[in-house]
Amino acid sequence: MPAKNTMIRDKVLKTLKDAKYPISRGDLATVLNCEAHTLPLKQMKDEGTVVQHGARGAAKYTIAAAKPATPAKSKKPAA
């Protein structure tokens, strides 16, 4: 069984991905039927998983854009 934190993170990411606009912590808590202070948004922001728009009480969140994969470097010998 996955850890509780993993389950709530997955739910947050799914909600933000499906959203058409940035969502506040309170609105996320309402949609996910949990307490706002239990959402790991700060950790997710620090990891780069979500993006915070605005400051503190007025903050809204969106899912972070996927980083493009870096192309593999060629292993050609130097001439």
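The paragraphs below walk through this protein from its overall layout to its core, its hairpin and its charged pairs.

A word on the model itself comes before the tour. This is a predicted model, in which local features need pLDDT of at least 70 and side-chain atom pairs count only at pLDDT 80 or more, while totals for chains, interfaces and linings use all residues. Residues are numbered from 1 along each chain as its sequence is written, and side-chain values use heavy atoms, with hydrogens and water left out.

Let us begin with the layout. The protein has three helices and three strands, and reading along the sequence gives the pattern α-β-α-α-β-β. Helices (H or I, at least four residues) and strands (E, at least two) are DSSP runs, numbered from the N terminus. Of the protein's 79 residues, 23% count as buried; here buried means under 20% relative accessible area, exposed means over 50%, and partly exposed lies in between (1.4 Å probe, protein chains only). The accessible surface comes to about 6,400 Å², and 57% of that surface belongs to carbon and sulfur atoms. Those areas come from the Shrake-Rupley method with a 1.4 Å probe, and for residues only the protein chains shown count as cover. As for how the chain meets itself, 42% of the contacts with a separation of 6 or more are between residues 24 or more positions apart, where contact means heavy atoms within 4.5 Å.

Now to the interior. In soluble globular proteins, nonpolar side chains tend to be buried together. A nonpolar core is taken here as a set of buried Ala, Val, Leu, Ile, Met, Phe, Trp, Tyr and Cys residues joined through side-chain atoms within 4.5 Å. The largest such core in this protein has 13 residues, and the members touching the most others are Val 12, Leu 16, Leu 28, Leu 39, Leu 41 and Tyr 61. Helix H1 (4-18), helix H2 (25-32) and helix H3 (41-47) are the elements that give this core two or more residues.

Just after H2, Asn 33 takes a positive phi of about 55 degrees. The loop between H2 and H3 holds Glu 35, which counts as exposed at 52% relative accessibility. The C-alpha atoms of Glu 35 and Arg 25 are separated by 9.5 Å, with the two residues ten apart along the chain.

Strand S2 (residues 50-53) and strand S3 (residues 60-63) pair in the antiparallel sense over four bridges; two strands pair if DSSP finds at least two bridges between them. Gln 52 has Tyr 61 in S3 as its bridge partner, and Tyr 61 is among the core residues met above. Six residues lie between the strands of this hairpin, where Gly 54 takes a positive phi near 95 degrees.

Finally, the charged pairs. A salt bridge is a side-chain nitrogen of Lys or Arg within 4 Å of a carboxyl oxygen of Asp or Glu, and by this rule the count comes to three. In one of them, the side chains of Glu 47 and Arg 9 meet at 2.8 Å, N to O. Glu 47 lies in helix H3 and Arg 9 in helix H1, so the pair ties together parts that are 38 residues apart in sequence. Arg 9 is buried, with a relative accessible area of 18%, whereas Glu 47 counts as partly exposed at 48%. Beyond its neighbours within four places in sequence, Arg 9 is in contact with Pro 40, Gln 43, Met 44 and Glu 47.

Asp 18 and Lys 14 form a salt bridge as well (2.7 Å, N to O); both lie in helix H1, four residues apart, about one turn of the helix. Asp 18 is partly exposed at 46% relative accessible area, and Lys 14 is exposed at 51%. In helix H3, Asp 46 and Lys 42 are also four residues apart, about one turn of the helix, and their side chains meet in a salt bridge (2.9 Å, N to O). Asp 46 is exposed, with a relative accessible area of 52%, and Lys 42 counts as exposed at 52%.
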